[in-house]
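Please keep the sequence and the structure in view while reading.

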Amino acid sequence: MASFEHVKLIENLAYYVKSYETFCSKLAAEGTYPFVRSEDFDHVINALEDRETLRVLNIGGGTGYPDSEIISQLYKRHPLIHTTVVEPASAHIKQYQALASKDPLSGITWDWREQTWEDYWKSREESDSCKFHVILAIHSLYYVDDLEKSVLDLMSCLKEEGLLVVILVTEDCHYTRLSNSIAGNCFIKANSHILKSILDKHRIQFSEVTCPHDIDVTDCLSKEDEASQHLIDFLSHVVNFRKTAPPDVLSDFTKMTERLATRKGERLMLGGRVSTVSIAI
């Protein structure tokens with residue numbers, strides 16, 4: 001599709017939060033987040049001493065879902081956990097903090113960092129006390145400037161017997177094809193295929209689990225209310241896409257959405273898959 005003057009969604013974090021929440025509300029129930037296997041954490045838990053604090057780094061924690069569910073499962077297995085949350089959107093941090101104040105997360109200590117991964121990496125102290133047993137990067141590495149560098153830097157933050165869990169869309173995810181079809185607006189700089197190529201290049205072993213991640217796009221094609229605007233803005237990754245896109249771009253985008261979507265009953269579902277890649281050291 002042709003390029004046009006626009007504001008990228010990631011450049012307006014407050015609006016990004018609203019659009020992202022609508023996007024999440026339209027995800028099919030079975031595709032909310034991929035399965036993270038409990039046994040992946042076995043070697044981490046088994047290597048801990050009884051009174052040792054399990055240190056977790058949560059990159060781009062968003063509103064705390066599904067990250068907090070993974071942390072709560074760890075908490076059931078080890079009673080001492082300290083979690084550092086790195087998240088640039090203040091609205092997301094507030095929602096995550098509200099979630100963290102409730103059981104079963106209330107016994108965990110938290111360190112909240114309102115910043116990007118790159119800013120956190122530059123400001124961190126280079127010491128073992130700043131290394132982590134578990135690092136979670138769930139749908140957050142799309143926005144880093146250099147995926148390869150970020151993955152290797154994240155791995156350098158792991159303690160011995162540590163685990164890095166990265167969740168990304170697969171390369172054939174339909175809704176990311178939409179945003180990337182707009183010239184000059186490559187939102188998806190990362191997917192699981194690119195990640196696995198990086199790991200193979202550096203001979204880093206990993207395990208992978210994939211699951212559906214379908215989204216209901218019916219309303220964004222048939223309605224023009226606020227929720228539909230938020231959804232189409234997230235899919236395009238353009239603020240006020242309907243108002244700023246030229247008619248031909250909007251028409252091409254709509255036709256592409258209809259072509260990629262699958263009808264399930266009265267709903268139009270845009271197919272996607274996500275991959276959980278686990279890297280143990």
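S150 has its place in helix α6, where helices (H or I, at least four residues) and strands (E, at least two) are DSSP runs, numbered from the N terminus. S150 is buried, with a relative accessible area of 5%; buried means under 20% relative accessible area, exposed over 50%, and partly exposed in between, with a 1.4 Å probe and protein chains only. Leaving aside residues up to four places away in sequence, S150 touches W117 and V144, contact being defined as heavy atoms within 4.5 Å.

The model is a predicted one, in which local features need pLDDT of at least 70 and side-chain atom pairs count only at pLDDT 80 or more, while totals for chains, interfaces and linings use all residues. Residues are numbered from 1 along each chain as its sequence is written, and side-chain values use heavy atoms, with hydrogens and water left out. The protein has a mean pLDDT of 86, and 91% of its residues reach 70 or more, pLDDT being the predictor's confidence in each residue, from 0 to 100. Confidence is lowest in helix α7 (residues 174-180), at a mean of 78, and highest in helix α8 (residues 192-201), at 96.

Helix α6, which spans residues 147-156, lies across β1, β4 (132-138), β5 (158-169) and β10 (273-280), and runs at about 150° to β5. Axes here are lines fitted to C-alpha atoms, for helices over the stretch in contact, and angles run from 0 to 180 degrees between N-to-C directions.

The sheet itself is open and consists of seven strands in the order β3-β2-β1-β4-β5-β10-β6, with mixed pairing; two strands pair if DSSP finds at least two bridges between them. At its edges are β3 (109-113) and β6 (207-212), each of which pairs on one side only. On average, neighbouring strands of this sheet are turned by 15° against each other, direction ignored.

| Strand pair | Sense | Bridges | Facing residues |
|---|---|---|---|
| β1 and β2 | parallel | six bridges | N58 and V85 |
| β5 and β10 | antiparallel | seven bridges | L164 and I279 |
| β6 and β10 | antiparallel | six bridges | T210 and S275 |

In β10, six of its eight residues are buried, and in β2, six of its six residues are buried. From β2, the residues I81, T83 and V85 point one way and H82, T84 and V86 the other way, and all are buried.

Helix α3 (residues 67-77) also has a buried side to consider. Its buried residues are D67, S68, I70, I71, S72 and L74, and these pack against α2 (42-47), β1, β2, α4, β3 and β4.

Helix α10 (residues 226-236) is mostly covered as well, with eight of its 11 residues buried, namely S228, H230, L231, I232, D233, F234, L235 and S236. The residue that follows α10 is H237, whose phi is positive, near 60°.

How do the helices α1 and α10 cross? Their axes come within 8 Å and cross at roughly 100°, which makes α1 roughly perpendicular to α10. In the convention used, angles under 35 degrees count as roughly parallel, over 145 as roughly antiparallel, 65 to 115 as roughly perpendicular and the rest as oblique. On the α1 side, Y15, Y16, K18, S19, Y20, T22 and F23 meet A227, Q229, H230, L231, D233, F234 and L235 of α10. By class, this contact has eight nonpolar, four polar and two charged residues, where Ala, Val, Leu, Ile, Met, Phe, Trp, Tyr, Cys and Pro count as nonpolar, Asp, Glu, Lys and Arg as charged, and the others, Gly among them, as polar.

Helix α1 (residues 13-25) has a further partner in helix α4 (residues 90-100), and the axes of the two come within 8 Å and cross at roughly 55°. The helices α1 and α4 are therefore oblique to each other. In this contact, Y16, V17, Y20 and E21 of α1 meet A91, H92 and Q95 of α4, giving by class four nonpolar, two polar and one charged residues.
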